[in-house]
Every structure is written in C-alpha cells, then in structure tokens.
Amino acid sequence: MSFYDVLHRRRDTRGEFTGAPIPPEVLRRVLTAAHAAPSVGLSQPWDFVVVRDEHTRRAFRDHVQAERSVFAAELDPRQAELFAKIKVEGILESTVGVVVTYDPDRGSPAVLGRHAIADAGLYSVCLAIQNLWLAATAEGLGVGWVSFYREDMLRRLLDIPSRLRPVAWLCLGPVASLPETPDLERHGWRNRLPLEDVLHEERYTRRSGR
C-alpha cells in the first residue's frame, strides 16, 4: 500500500481481531516506528508496556466495561440504545496490549520548545501512537485505542509510577479484515466532517471558499 492508502485504511479496530500471534520481528518494526516519532526537544517522552498476561488483560477489560456502564447511564434513551450496539474495546480478542505512557520529566529541566506550551510533550506521545498505528496498518495488523478507563487504575494495574501519565491502551494484533467504514459512522453515532467545514484561510473567522 502507498502511504495514503495506509492513512485512509487505518481503523480503530475492536471486533475484527483474530488473536493470532504477531511475529516478533513485526512487533519490533511497529514499536520501532513508534519510537521514531518526532518529539519536542527530542525528549522522546514515551514508554511502551507490552501486555500479554491474560489475567491482567481481563482485569482491565472488567474495569473498561464498568466505565462503559458509567458513560451509558449519562446518555439519553436514544443515544443509549445506539451506544449499546457499539463495541468499545478488543482487549481480550487482540493478541497484545500496548500501553503508551508520557514522562513529563524526560529531557527536563530544559526541554527545548516546551517552555511556552506545556502540553507539547503530550502531543509528542500522540505522534508516537499515530506512527505505531500507521505502521501496524502497513503490516496488516489492527489497532484499537481504548479510552474507557481511569488513569489511576491503569497505573496500579501495571505498576506505572505516579508521575507518568498512561495515555493509551492500544489493542494490537492480526485482524480478519479492516472495515471499509469506521464503526461509529456505520452505527450512525457520528459522521466525518468534510474538509471544507474545518478549513480556514488566514484567520479563523474566514472559512475557505465561503
């Protein structure tokens, strides 16, 4: 696939995982791609925790399901009915979990380029996640970003130091296929906006072509 094919084939994967093993050299390539991401001041403020243990993954899945219930209780009846049809994780179905953390002290005290924008380090971690996602897609793997969790719970579960922020639990593994349409669009939760709706010229108040 070309780069643009990979970009547009990327999906947030949940129910398509097969559970098949990932060859070690493939996993290494995907993690190396993540580690090659740009970072503010070359701080490289990420770490990757590869989680294979079924007991750990089951404990996390149970926590996610509880948080799903919390979110569902906040929805109106129509949204709740729609949300009930949407799968939000593939923690047990995927081959491994990859937890990506943010270390704000990496490269401190003088992180070049972070003095005015404190969140630049966090943005760097998100770039590493995107690199991982695109590399996995190019390798024929699926990735699902799980966000229904409390950070303190994940710190305790994986012995993550309190000063680090667990940014993402990524489900990773071979998939039967990648869907043509993202799940949230397919279920009617939300549609992708046209580029014109988010494109501005020179000033935010000037819409492109409007």
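Leu42 sits in the loop between helix 2 and strand 1. This is a predicted model. Its protein chain has 7 helices and 6 strands.

**Leu42 and other backbone exceptions**

- Most residues other than glycine have a negative phi, and most peptide bonds are trans.
- Leu42 is not a glycine, yet its phi is positive, at about 50 degrees.
- Leu42 is exposed, because its relative accessible area is 64% and exposed means over 50%.
- Glu202 also has a positive phi, about 70 degrees, without being a glycine.
- Glu202 lies in the loop that joins strand 5 (200-201) to strand 6 (203-207).
- With a relative accessible area of 66%, Glu202 is exposed.
- The peptide bond from Ser108 to Pro109 is cis, and its omega is near 10 degrees.
- Pro109 belongs to the loop between strand 2 and helix 5.

**The chain as a whole**

- The C-alpha trace spans about 50 × 45 × 40 Å along its principal axes.
- Of the 210 residues, 41% are buried.
- Take the contacts between residues at least 6 apart in sequence: 78% of them join residues at least 24 apart.
- The accessible surface comes to about 12,100 Å², and carbon and sulfur atoms account for 53% of it.

**The annotated domain**

- UniProt, in an unreviewed entry, lists residues 9-173 as "domain: Nitroreductase".
- Over residues 9-173, the chain is 41% helix and 17% strand.

**Helix 2**

- Helix 2 covers residues 24-35, which makes 12 residues.
- From first C-alpha to last, helix 2 reaches 16 Å, close to the 16 Å expected at 1.5 Å a residue.
- Val26, Leu27, Val30, Leu31 and Ala34 are buried in helix 2.
- Seen down the helix axis, these buried residues fall within an arc of 130 degrees, so they line one face of helix 2.
- The face turned away from the buried side carries the exposed residues Pro24 and Arg28.
- The buried residues pack against strand 1 (46-51), strand 2 (96-102), helix 5 (120-138), strand 3 (141-146) and strand 4 (165-174).

**Helix 3**

- Helix 3 runs over residues 54-73 and has 20 residues.
- Its first and last C-alpha atoms are 29 Å apart, close to the 28 Å expected at 1.5 Å a residue.
- The buried residues of helix 3 are Thr56, Arg57, Phe60, His63, Val64, Glu67 and Arg68.
- They cover an arc of only 150 degrees around the axis, which puts them on the same side of helix 3.
- His55 and Ala73 are exposed on the other side of helix 3.
- The cover over the buried residues of helix 3 includes strand 1, helix 4 (77-83), strand 2, strand 3, helix 6 (151-158) and strand 4.

**Thr95, a buried loop residue**

- Thr95 is in the loop between helix 4 and strand 2.
- Thr95 counts as buried because its relative accessible area is 16%, and buried means under 20%.
- Leaving aside residues up to four places away in sequence, Thr95 touches Gly19, Ala20, Pro21, Ile22, Arg57, Leu172, Gly173 and Pro174.
- Arg57 is also one of the buried residues of helix 3.
- Thr95 and Val51 are 44 residues apart in sequence, and their C-alpha atoms are 9.2 Å apart in space.

**Gly121, a buried helix residue**

- Gly121 is part of helix 5.
- Gly121 is buried, with a relative accessible area of 1%.
- Beyond residues up to four places away in sequence, Gly121 touches Val40, Pro45, Tyr102 and Arg114.
- Gly121 and Val70 are 51 residues apart along the chain, and 30 Å separates their C-alpha atoms.

Technical notes:
Residues numbered from 1 in each chain as written. Predicted model: local features only at pLDDT ≥ 70, side-chain atom pairs only at ≥ 80, totals over all residues. Heavy atoms only, no water. UniProt positions renumbered as here; feature names shortened; annotations may be inferred. Helix = DSSP H or I, 4+ residues; strand = E, 2+ residues; numbered from the N terminus. Expected span 1.5 Å × (residues − 1). Buried < 20%, exposed > 50% of the residue type's maximum accessible area, 1.4 Å probe, protein only. Arc of directions from axis to C-beta. Contact = heavy atoms within 4.5 Å. Areas by Shrake-Rupley, 256 points an atom, 1.4 Å probe, with all protein chains shown as cover.
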